[in-house]
Every structure is written in C-alpha cells, then in structure tokens.
Amino acid sequence: MRDIVYSFQVSLDGYIEDASGSIAFASPDAELHQYFNDYETEFDTHIYGRRLYEMMQYWETADQTDTDPIIVEYAKTWQALEKVVFSQTLTAVEGNARLATRTLAEELAALKQTSGKQIAIGGATLAAEAIRLDLVDCYHIVIYPVLLGGGKRIFPLFEQSLSLQLVDQLTFASGCIALTYERMRTDSL
C-alpha cells in the first residue's frame, strides 16, 4: 500500500506561517531547493486543502515565467503530479488536478489501494484532520533556523499521543534540517 506523507516546512518553534500569514521564512537556497526537487519524485499524488492549492498554483506556469533551472525542474515535476483538492468554495481546478468528491478518509483509502508512489498531504487544516483520523503514515519536516514567535502551528492539538520513529535526517549548509518519521502502529509490531 502507498504511504500518506505529511510534508511541510516549519520554523524551529513549530510554525508553518507567521502571525501575518506569511511563509516568507521558508525560502530555500539552491541546495535545499534541489533537495525538494529530488524529494518530489518520490510522489505521484498531492492532497491539498483549498488555501495550499491556491498558493501552489504558482508552479502551474513557473516553467514559462522563470529561467532558473531549479525552478523550471520543480515546476515540471509538480505539474505532472496528480492533485486532489478539498474545497467547499472552489468549483474548478487547473492542470492535473481534480476536486475531491468523497470524504478525506474515503479519498485516502481509495488512493492507498491504487498502485503508485507515495501520496503527499498538505495544508494545515486538511493535514490536521488526517492526523486526527490517524491516516498519516509518515511525517517529513524541514525545519528552518528561525523563530517566528507565533502564527499557524504545524500540528493540531491531540487527544492522545502518536508514536513516531526517526527514519532519516539530513542537515543543510543553510542550517535547515530535514527529518522523516514513520508512524509506529501497534498492529504492525
């Protein structure tokens, strides 16, 4: 079965955006951007909430408006991915995307049963629902060496703890750290 991966960039104090809603702190240098380009090839599907989908729309045409080879490479990779968008307000999506027609649990269960690569889930609200339903198999976090002091937190409040196991870590010259954790489930022990 395919894994569901919550992958996000975060400040050292656990925020995915600052108090004003900006994600400007998460601006990767060339080394980190190439890492993201390479990492993206492990996926063939992205699950988005409306807000993150709209932010990611930049990549729909970035290869036509930017000449940086790293940007062009990422844009082409991103465009090829299947995107499933959860929204109560959007009536249409662009490119290789579709609006979800089932619940999050139903969509993820159906996707996990199909063959393919890993499935990324993003958007704090949508990911929070998947975490509460214990549907996330893997957590991939890139931590930036910055303290924001407030904003939107990467994780929701939990009723019970979730056990994770570190499976990969990488430190970049910029001071960013990529950490990958797998969900430890009692039924798989």
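Which strand gives the most to the lining of the second largest pocket? That would be β7, with 3 residues. Before going further, a word on the model: this is a predicted model, where local features need pLDDT of at least 70, side-chain atom pairs count only at pLDDT 80 or more, and totals for chains, interfaces and linings use all residues. Residues are numbered from 1 along each chain as its sequence is written, and side-chain values use heavy atoms, with hydrogens and water left out.

**The pockets**

Rolling a probe the size of a water molecule over the atoms shows where empty space is left. Here a pocket is an open set of points on a 1 Å grid over the protein atoms alone, where a 1.4 Å probe fits and protein lies on both sides within 12 Å along at least five of seven lines; lining residues have an atom within 4 Å of a point. A volume is the space filled by probe spheres set on the points, which are joined across faces, edges and corners.

The largest pocket holds about 1200 Å³ of space. It has 42 lining residues, and the closest to its centre are Phe 8, Tyr 48, Leu 52, Met 56 and Gly 123. Its lining splits into 23 nonpolar, 13 polar and 6 charged residues. For these classes, Ala, Val, Leu, Ile, Met, Phe, Trp, Tyr, Cys and Pro are nonpolar, Asp, Glu, Lys and Arg are charged, and the others, Gly among them, are polar.

The second largest pocket holds about 230 Å³. Of its 16 lining residues, Tyr 139, Ile 141, Phe 155, Leu 164 and Tyr 181 are the closest to the centre. By class, that lining has 11 nonpolar, 4 polar and 1 charged residues. At least two lining residues come from each of β1, β7 (138-144) and β10 (177-183).

**The parallel strands**

Helices (H or I, at least four residues) and strands (E, at least two) are DSSP runs, numbered from the N terminus. Two strands pair if DSSP finds at least two bridges between them. β3 runs parallel to β6, joined by 5 bridges, and also pairs in the parallel sense with β4. Here is how the pairs look, with an example of bridge partners for each:

| Strand pair | Bridges | Bridge partners |
|---|---|---|
| β3 and β6 | 5 bridges | Ile 47 and Ile 121 |
| β3 and β4 | 5 bridges | Thr 45 and Glu 82 |
| β4 and β5 | 3 bridges | Val 84 and Arg 98 |

Buried means under 20% relative accessible area, exposed over 50%, and partly exposed in between (1.4 Å probe, protein chains only). On that scale β3 is mostly covered, with 6 of its 7 residues buried, and so is β4, with 4 of 5.

In α5 (residues 104-113), the buried residues are Leu 104, Glu 107, Leu 108, Leu 111 and Lys 112. They sit on the same side of α5 because they cover an arc of only 130° around the axis, the arc being that of the directions from the helix axis to the C-beta atoms. These residues pack against β1 (4-11), β3 (43-49), β4 (82-86), β5 (97-99), β6 (118-122) and α6 (124-132), where contact means heavy atoms within 4.5 Å.

As for α6, its buried residues are Ala 124, Leu 126, Ala 127, Ala 128, Ala 130 and Ile 131. Asp 134 lies in the loop between α6 and β7. This Asp 134 has a positive phi of about 55° although it is not a glycine, and it is partly exposed, with a relative accessible area of 27%.
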